[in-house]
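This report covers model confidence, helix packing and a few local backbone features. The structure comes first, and the description follows.

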Amino acid sequence: MQISLTLNGKKITEEIADDLLLIDFVRNHGCYSVKRGCETSNCGLCTVFLDEKPVLSCSVLAARADGHKVDTLEGLQEEAEEFGSFIAGQGAEQCGFCNPGMIMNAIALFRENPDPSDDEIREYLAGNLCRCSGYEGQLRGIHDFLEYKRKGGAR
Amino acid sequence: MLKIKQYVKAESLEQAYELNQKKTNRIIGGMLWLKMSTAQIQTAIDLSGLGLDQIEETEDAWKIGCMVSLRDLELHEGLNELSCNMVRESVRSIVGVQFRNLATIGGSIFGRFGFSDVLTCFLALDTEVELYKGGIISLEEFAKMERDNDILVRVIVKKTPGKGSYQSHRNTKTDFPVLAVAADRYGDELKVAVGARPMKAVCLHIPAEQLDACTDLKKFAKELATQVPMGSNMRGSAAYRTHLAEVLIRRALEKITDGGEKNAD
């Protein structure tokens, strides 16, 4: 079947297998930040934005994205780099495998709620699993980033 | 691994219904639970092009299209005001935001899964389902029916004023519940739905005057808990679930008798 979608701002029209998953579609287009982790729709590694909403690309048929807008970390470079530096500043990445999914979902959180409480942060990011850090490093990084934003983007 | 030979975005409910009559075809809903299976699907039927992802308000009800996501339910002010936040409370521990942006109310309710928080919550509310061929029936009746090839089009929650509370216990925050309880008092009736027993949720109907006359909520909750058949699985034994039911029912009734305050904890 043929689908047309906008991936990271670029319009793509392509013949695909009917059961191709969105994760495989975006990886076929060089978006290697999107990773396959748990295969049980639990870990958040494969998070992409579908029409600006964070979704698990391992659980969506690419066919369903036909006519829609898909964004991966590769398409959010500036926003991701700005926030990612605060995660790195806390050494919160460790192995780094969960990081792209965590950054994607954190960006979704900040867009929806620019000044979240700790409980709101924990609840929003509950679908992003990290097996290294215990999440404290990420939480500190988010605190630092929010403080930086409150000061108008000055360190 | 799930295999799909052909994908069809339905252009009408009639087309979807006709396709769905073939045993090897399947409506895919949010596709999250289906993806975990090893099903070989001839035709995957997608309802996402039929405008059923909206929550419509009428004078006496909220009509929730089957493709409305669990995240939309979580954020919907009208539904949460009506239900004393029961709806939000029932879905907010389901995996994560990304998951809830995909999972649909139609998939959750039609599946009548034993672990379902969503079914448990809506069973306690004054809820009906609209089936494409079967018409409008109560959710409780639907929950007892065997799965067939009809299509669940909408979930209808009547705007019956009441006081409610949703309680669940989980081994970890985003896991399936070990037990879930939804209690809602409206009119002269108290409804207590118990889910994740681990069988599918059931609903107790109690005259509200019994709650009004109750002087010992703990004892009252214990009596209700013993009326619910429980089973055992890796998350807990039947005896443990009966004990949990007593605790969760009591907590829910405390919220209701205390004015049905919002579930903040």
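## Confidence and helix packing

In this predicted model, chain B has a mean pLDDT of 95, and 97% of its residues reach 70 or more. Residues 259–265 of chain B stay under 50 in pLDDT, and the model has 22 contacts for them beyond four places in sequence. The scores of the model are ipTM 0.96 and pTM 0.95.

Two packed helices are described by the angle between their axes and the distance between the axes.

| Helix pair | Angle | Axes |
|---|---|---|
| H2(A) and H3(A) | about 110° | 10 Å apart |
| H2(A) and H5(A) | roughly 130° | within 8 Å |
| H11(B) and H12(B) | roughly 130° | within 8 Å |

### H2 and H3 of chain A

Helix H2 of chain A spans residues 77–89, and helix H3 of chain A spans residues 99–112. With the angle at about 110°, H2(A) and H3(A) are therefore roughly perpendicular to each other. Their crossing is right-handed. On the H2(A) side, the contact is made by A:Glu79, A:Ala80, A:Phe83, A:Gly84 and A:Ile87. H3(A) contributes A:Asn99, A:Ile103, A:Ala106, A:Ile107, A:Phe110 and A:Arg111. Sorted by class, the contact of H2(A) with H3(A) holds seven nonpolar, two polar and two charged residues.

### H2 and H5 of chain A

The axes of H2(A) and H5(A) come within 8 Å and cross at roughly 130°, which makes H2(A) oblique to H5(A). This crossing of H2(A) and H5(A) is right-handed. From H2(A), the residues in contact are A:Glu82, A:Phe83, A:Phe86 and A:Ile87. From H5(A), they are A:Gln138, A:Gly141, A:Ile142, A:Asp144, A:Phe145, A:Tyr148 and A:Lys149. By class, the contact of H2(A) with H5(A) has six nonpolar, two polar and three charged residues.

Over all chains, the structure holds 13 aromatic pairs. One of them is formed by A:Phe86 and A:Phe145, an edge-to-face pair with 5.6 Å centre to centre and 70° between the planes. A:Phe86 lies in helix H2 of chain A and A:Phe145 in helix H5 (residues 136–150) of chain A, so that the pair links distant parts of the chain, 59 residues apart.

### H11 and H12 of chain B

In chain B, helix H11 covers residues 217–226 and helix H12 covers residues 238–257. Their axes cross at roughly 130°, and H11(B) and H12(B) are therefore oblique to each other. The crossing of H11(B) and H12(B) is right-handed. The contact takes in B:Leu217, B:Lys218, B:Phe220, B:Ala221, B:Lys222, B:Leu224 and B:Ala225 of H11(B). Its residues from H12(B) are B:Thr242, B:Ala245, B:Glu246, B:Ile249, B:Arg250, B:Leu253, B:Glu254 and B:Thr257. The contact of H11(B) with H12(B) divides into eight nonpolar, two polar and five charged residues.

## Local backbone features

The peptide bond from B:Arg197 to B:Pro198 is cis, and its omega is near 20°. B:Pro198 is placed in the loop between strand E11 (189–195) and strand E12 (202–207) of chain B.

In chain A, A:Asp51 has phi near 50°, a positive value in a residue other than glycine. A:Asp51 sits in the loop between strand E3 (47–50) and strand E4 (53–56) of chain A.

Technical notes
Residues are numbered from 1 along each chain as its sequence is written. Chains are lettered from A and ligands numbered from 1 in the order in which they are written. This is a predicted model: local features need pLDDT of at least 70, side-chain atom pairs count only at pLDDT 80 or more; totals for chains, interfaces and linings use all residues. Side-chain values use heavy atoms; hydrogens and water are left out. pLDDT is the predictor's confidence in each residue, from 0 to 100. Contact means heavy atoms within 4.5 Å. Axes are lines fitted to C-alpha atoms, for helices over the stretch in contact, and angles run from 0 to 180 degrees between N-to-C directions. Helices (H or I, at least four residues) and strands (E, at least two) are DSSP runs, numbered from the N terminus. Angles under 35 degrees count as roughly parallel, over 145 as roughly antiparallel, 65 to 115 as roughly perpendicular and the rest as oblique. A crossing is left-handed if the near helix is turned anticlockwise from the far one by less than a right angle, and right-handed if clockwise. Ala, Val, Leu, Ile, Met, Phe, Trp, Tyr, Cys and Pro count as nonpolar, Asp, Glu, Lys and Arg as charged, and the others, Gly among them, as polar. Rings of Phe, Tyr and Trp (its six-membered ring) pair if their centres lie within 6.5 Å; planes under 30 degrees apart count as stacked, over 60 as edge-to-face and the rest as tilted.
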